[in-house]
There are 2 protein chains.
Amino acid sequence: MPINIKNFLLSKSNKSKIGDFQDLEHIDGVGISVISANLYKEARDDLVLFYFRDGANYASVYTQSKIISENIKWNLSLKGNSAKALIVNTRNANAFTGKLGFKGISQIAEELSKKLTIKMSEDEEKKVSVKLNEILFGSTGTIAEKFPTEKIIKSIPELLEKIKYTQNKYLWIKAALGIMTTDLVPKLAMEECNIGNSEVKIYGIAKGSGMIFPNMATTLGYVFTDADIPPGVLKKLLKKNIETTFNAISCDGDTSTNDMVTIFATKKAKHPKISSINDDKLKEFDNSLNLVLLNLAKRIAADGEGSSKFISIEVVNAKTFIDAKKIAFSIANSPLVKTAISGADPNFGRILMAIGKANVNLNLKKLGISIGDIKIIEKGQIFSDYQEIEAVEYMRGEKIDITVDLNIGNKKFTAYTMDLTKKYIEINADYRS
Amino acid sequence: MPINIKNFLLSKSNKSKIGDFQDLEHIDGVGISVISANLYKEARDDLVLFYFRDGANYASVYTQSKIISENIKWNLSLKGNSAKALIVNTRNANAFTGKLGFKGISQIAEELSKKLTIKMSEDEEKKVSVKLNEILFGSTGTIAEKFPTEKIIKSIPELLEKIKYTQNKYLWIKAALGIMTTDLVPKLAMEECNIGNSEVKIYGIAKGSGMIFPNMATTLGYVFTDADIPPGVLKKLLKKNIETTFNAISCDGDTSTNDMVTIFATKKAKHPKISSINDDKLKEFDNSLNLVLLNLAKRIAADGEGSSKFISIEVVNAKTFIDAKKIAFSIANSPLVKTAISGADPNFGRILMAIGKANVNLNLKKLGISIGDIKIIEKGQIFSDYQEIEAVEYMRGEKIDITVDLNIGNKKFTAYTMDLTKKYIEINADYRS
């Protein structure tokens, strides 16, 4: 085991700027295996299998890039909404690897299908096979390098042998660590809620770091619930909640070829049948799913490459949701704003610059800007009580909230990002070596 | 004189990654004065006057930001196309300075108008006055700080006293230095060409550095010609040529409140009358103006904040000009591409990522990518002869050319930018101190 999870938990490196993550325990219907397939030079876990012995309904959202990785092509090609396995590898993105990259996935899927079918009949004496179209792939890492098909195929026996059907917090952390690339801390989140009178669980893990800007999913995020929700409803729930969560974070404005967020429902919980997203009994689940996705998304932004501060940018009282979003992301993606924040400089001139360039009609005489509880601009004027020294003090913190009040409508959007530091350059000027 | 120009020229600090600038000499009809109004803590020139004793036709393009500086508001409010003076200050952008900022400009304009009118009648015994609407303002520096109206008004007598009507290369360099903020090197360019049988000159200076992304002008650029071209034709020439020059550069994707490029024509050259942009006699001038603007624009990108490399990104054989431009800027604005280049890493995976996220329809099977003369991708495959070691060697240079061949049309666009380095963070995390 390359990483000692208990030591890791005792160390400081699991501290996120937005607080500790929750403990995930057991969720019915999920098997997890985490191993090293030696994809990295150094010893670390790099291959994670989620195995749904009795199947799981699922729904995914994928990158909006015009160049997509081979594993995303595979996932998109699947007919059907039921999954038996999700296999996630790091180190190699399997993007721009062409026919060979896709063939690699097919070979792995075939091997996995065969071996899982054998395992299943050994364990359970069931005559149920795992079909190719029940296997999903997640990949993250370097683009345009030969995909390590052989190494992964060779690791399948170990991967299957180590499947654990009862999870605890250490196993979830191990899985979250196993899908990381340049992330510094694992990302986990959970909620419990009711559907009817039955309690259901929503667990999630994610990895992020560089290359994160929404056109959609922006990273790897995997959510697991024991609820029994049909695939069509899962799809609607995911699409609805991704907009203000994973699609509200930006680390460097770049978009990956590999972004993928998937929710799996193992159907193990006993609750009244759900057949529509409009079912009142889904309300609590809907809110809880949003919380899990938002929690994961914030952790991704807080751990953006090289970040020293977590930044929330709330744009309120806009005419439209789109206007609010444009301005929030114009600020979140501005290198000048993000470097000022890394220097604890309350340089609201740069926030104004970013508002101005967003191509949204404004009424400058109504504009307000605050950081934390400190008003800087009110009605288009520097606020009479504004003391820069207080603002500098606030900017020294690890969590920075910027509020832009347009005062011309009632729509809002919050974007999440991090500051831009020398560390970002260091990491990215030297990524492959 | 805070800077000894001759020493400066002997030092290495005037070396641009794209070669030395040309020597500008004399151009008829332009008076120049460069002084220090003590706008900075340290001693340096910060106030530059261009004085057109006999008037000049002019045309301008300005920032597309929704928040514009007070001096741009002043310029936009002027009726008329003839200028007598352009006054440029650094240190303070006069943006988000409200009514007081605009009033400051009015006061300076009034003082300048009065004193220039007196000077004119003393020097020339002319009874010609300098009107308020013949005075243009350029400002650059920090946003939302009180505009130093008094300091500038107090400096007007010295400014007028030091006007030189005969320029040499040192005076032009002094002027180019006087409009700089965080620029490391002055930006100058020149061309000579014919209109009919008469030779005319086109001289230009510019300042750039941070906050540079086109929606239009992107920086301060001032071009002077002795040609006799009507304002309407000047306007068309400038708009046409700005698209592939100043609007083709990006340093950090940010857009200033203060961008301004203006061309002044002193009408001193004797050549056949020009009344239309379609006049064949204008062709050479049109090309030469493009060269001057492109030369200045490249110098701005090469001197982008913290840059160690100058990057040209040419996208060829696109279906439309817009498609080519989208992809070129998606690459030019990608922090992941720019940090890889700063680390001399030929990480074409990131170039692919940036191509993919540009939201342009592609035929991946036709895609080609080269750096310099080194083919990396051909017909969507890694080129058979590609040797990464050669690419790394190439990436160690100061000038990096990236060519993306879409092979699906015949339109092209070239964007210019620089790499993203720790120095950029240093400069911008600490800009105001």
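Q: What makes strand β9 (residues 310-318) and strand β13 (residues 399-405) of chain B a pair?
A: Two strands pair if DSSP finds at least two bridges between them. β9 and β13 of chain B are joined over 7 bridges, in the parallel sense, so by that rule they count as paired. One spot to look at is B:I311, which stands opposite B:I400 in β13(B). The strands themselves are DSSP runs (E, at least two residues), while helices are runs of H or I with at least four residues, and both are numbered from the N terminus.

A quick word on what you are looking at: this is a predicted model, in which local features need pLDDT of at least 70, side-chain atom pairs count only at pLDDT 80 or more, and totals for chains, interfaces and linings use all residues. Residues are numbered from 1 along each chain as its sequence is written, and chains are lettered from A and ligands numbered from 1 in the order in which they are written.

Q: What makes β12 (381-382) and β14 (411-418) of chain B edge strands?
A: The sheet of chain B is open and has 6 strands in the order β12-β11-β10-β13-β9-β14, with mixed pairing. β12 and β14 each have a single partner strand, so one side of each is left without a neighbour in the sheet.

Q: Which strands are at the edges of the sheet in chain A?
A: In chain A, 6 strands form an open sheet in the order β12-β11-β10-β13-β9-β14. The edge strands are β12 and β14 (411-418) of chain A, since each pairs on one side only.

Q: How do you know that β11 (residues 374-378) of chain A pairs with β12(A)?
A: Count the bridges: 2 join them, and the strands run antiparallel. The rule asks for at least two, so this pair qualifies. Within it, the bridge partner of A:E378 is A:Q381.

Q: Why is strand β3 (residues 82-89) of chain A called largely enclosed?
A: A residue is buried if 20 or more other C-beta atoms, placed from the backbone, lie within 10 Å of its own, exposed if 12 or fewer do, and partly exposed in between. In β3(A), 7 of the 8 residues are buried, so the strand is largely enclosed by the rest of the structure. Strand β2 (residues 47-62) of chain A is joined to β3(A) by 7 bridges and runs antiparallel to it; here A:A56 has A:A83 as its bridge partner.

Q: Why is B:D23 called partly exposed?
A: B:D23 has 13 other C-beta atoms within 10 Å. That value falls between the limits of 12 and 20, so the residue is neither exposed nor buried. B:D23 lies in the loop between α1 (5-10) and β1 (31-35) of chain B.

Q: What makes β1(B) mostly covered?
A: In β1(B), 4 of the 5 residues are buried. The strand is joined to β2 (residues 47-62) of chain B by 5 bridges, and the two run antiparallel.

Q: How do you know that chains A and B touch?
A: Two residues are in contact if their C-beta atoms, placed from the backbone, lie within 7 Å. By this test, 48 residues of chain A are in contact with 48 residues of chain B. On the chain A side, α10(A) gives the most, with 6 residues. That side divides into 19 nonpolar, 21 polar and 8 charged residues. Here Ala, Val, Leu, Ile, Met, Phe, Trp, Tyr, Cys and Pro count as nonpolar, Asp, Glu, Lys and Arg as charged, and the others, Gly among them, as polar.
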